[in-house]
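Please keep the structure open while reading this note, and look up each residue as it is named. The points are meant to be taken in order.

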Amino acid sequence: MGSTAYDDTNIFAKILRGELSYEEIHKNENVLAFRDKYPDAPVHILVIPKAQYVSYDDFVLKASEEEIKNDGTIVIYSALNDIENHLLFLRDDEKCRLELLVDVFGVDYPDREKRFELIYNLLSVVHNIRVHIKLQLCEGDIPLSVAKIFNAASWFEREVFDMYGIEFSDHPDLRRILTDYGFKGHPMLKDFPLTGYEEVRYDIEAKKVVYNPIDLPQDFRNIGGTLAHMIALRELGDVILLDVSDGIPQGKALDITESSPIDRSNVNITGTNRYEDIKNSDAIIITAGIARKPGMSRDDLLQTNAAVMKEVGENIKKHSPNAFVIVVTNPLDAMVSVVYKSSSLPTNMIVGMAGVLDSARFRYFLASELNISVEDVSAFVLGGHGDTMVPLINYASIAGIPLTQIIEMGVITRGKVDEIVERTRNGGKEIVDLLKSGSAYYAPASSAISMLESYLKDKRRILPCAAYLNGEYGVKDLFIGVPTIIGKNGVEKVLEVKMNDSEQEMFYKSVSAVKELCQLN
């Protein structure tokens, strides 16, 4: 698609009208073409010029059949100088007739050079086809308003301006909406401060947006206090409790230390609100961020907690770059990735606590159903910390007897085991639904302590956790749950276990889910 898309001589126009074959276009060195996999649609070949992109590699990623969505929507990339002509052509050409602008919306990618994607959602009622025109923008780029082409664009562009701060030239009435309620900033930016020292909410009684200091329910901080108490009981080392809210960490630290004469624990616990107090820590366990509420998935937490993790990671880099870091915050796999990128820690010195907890739940549910001691159940879980985790039945055993043989003996049915697997996947949600105002913290704290102790005491325990993969299991540049050896050097080895076809399929499905989640933050 070139800058003269409305001209009948343009390649794009000829393709849409069936005047050029795919083979003829494919020979053109200035464009790439690919087929539409929906043969009933009027548009069968999409063409995009290489010149629109910063690099050839960048172009190849976008010009693939993946750009035709499963729902039949065709995705085409445009450019600042071309968008008006492209929209005119798609609206007016008889083979397109994309006369309805359904929406204009934005997406923010803070780490990209072209930070924003502006998407024009078009519909042809005549031909029953949908097209998304994507426009990639750097900060400060000002696209032309298309309100003269589609009247509905006037309001849609105002929403984009309000939410992302993207301005439109020649807009008939470009003004903000939320500022009428005293709102500051652009709330759909992924680095917008949704958490920290203030929260933004709409006050129904005052009928305006108000700013209040963060006041998280006490349940949300219980895991930090529980961890501090467990560390003190085991005398693993002195503890710094850090929290953004003044008084909370100081009060918890005092409460725990007042129990030290009874527990015979000689550990110093200090509460603070200052990052500089974590200087030169040997190990750091991150539990910051908001907890899940009923009806909320781990993925719903992504944007809010990612901003918190970035801040924490940057301060670890500044004050404790040699620490061994255990991330507990959900959605776990994505949050480990955020801390890793912002802290610049070596890959062996950062892990996520997930597999130990999920494996413990799996073991407990099995022991409870079999009415035996939990000490006799061995099992572990792979994959992401969420609905796609993979409890490995083939590696589970009861006092050394494979679980598969226990099933064959008739002690437990395969159907019951499958129910336990499903309950394990939803173990966290089950507790959230019961508590109603918080999430699990006893079992997560115990899980993190087992990892911390293995590191501090060089136990070299084999523990499943979200570790960085660099080719293991055929996966690169991703944190995901796998068996690891944790010792004095952090993650000393990732163990690659063999899986059957079904387990491999579930594992790679989990990998895909984690990759997708990581791309959103």
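1. Ground rules. The model is predicted, so local features need pLDDT of at least 70 and side-chain atom pairs count only at pLDDT 80 or more, while totals for chains, interfaces and linings use all residues. Residues are numbered from 1 along each chain as its sequence is written, and side-chain values use heavy atoms, with hydrogens and water left out.

2. Helix 11. Helix 11 covers residues 355–370, and at 1.5 Å a residue its 16 residues should span 22 Å, which agrees with the 22 Å between its end C-alpha atoms; the expected span is 1.5 Å times one less than the number of residues. Buried residues of helix 11 include G355, V356, L357, F362, F365 and L370, where buried means under 20% relative accessible area, exposed over 50% and partly exposed in between, with a 1.4 Å probe and protein chains only. Just after helix 11, N371 has a positive phi of about 60 degrees.

3. Rolling a probe the size of a water molecule over the atoms shows where empty space is left.

4. Salt bridges. A salt bridge is a side-chain nitrogen of Lys or Arg within 4 Å of a carboxyl oxygen of Asp or Glu, and a search of the whole structure finds 18 of them. In the bridge between E99 and R97 the closest N and O atoms are 2.4 Å apart; E99 is partly exposed at 41% relative accessible area, and R97 is partly exposed at 22%. K416 and E419 form another, with 3.1 Å between the closest N and O atoms, and because they are three residues apart in helix 13 (residues 414–425), about one helical turn separates them.

5. A bridge with unlike ends. E453 forms a salt bridge with K457, the closest N and O atoms being 3.0 Å apart. E453 counts as buried at 14% relative accessibility, whereas K457 counts as partly exposed at 46%. Elsewhere, salt bridges that share partners join D108, R115 and E139 into one network.

6. Aromatic rings. Rings of Phe, Tyr and Trp (its six-membered ring) pair if their centres lie within 6.5 Å, with planes under 30 degrees apart counted as stacked, over 60 as edge-to-face and the rest as tilted. Of the 10 aromatic pairs in the structure, the one between Y340 and Y468 is tilted, at 5.6 Å centre to centre and 40 degrees between the planes. Y340 lies in helix 10 (residues 332–343) and Y468 in strand 19 (residues 461–470), so this pair ties together parts that are 128 residues apart in sequence. The rings of Y468 and F479 have centres 5.3 Å apart and planes at 65 degrees, so they are edge-to-face. F479 is buried, at 3% relative accessible area, and ring pairs link Y340, Y468 and F479 into a cluster.

7. Backbone details. A cis peptide bond, with omega of about -5 degrees, joins N330 and P331. A399 has a positive phi near 50 degrees although it is not glycine, and A399 is exposed at 58% relative accessible area.

Key. Helices (H or I, at least four residues) and strands (E, at least two) are DSSP runs, numbered from the N terminus.
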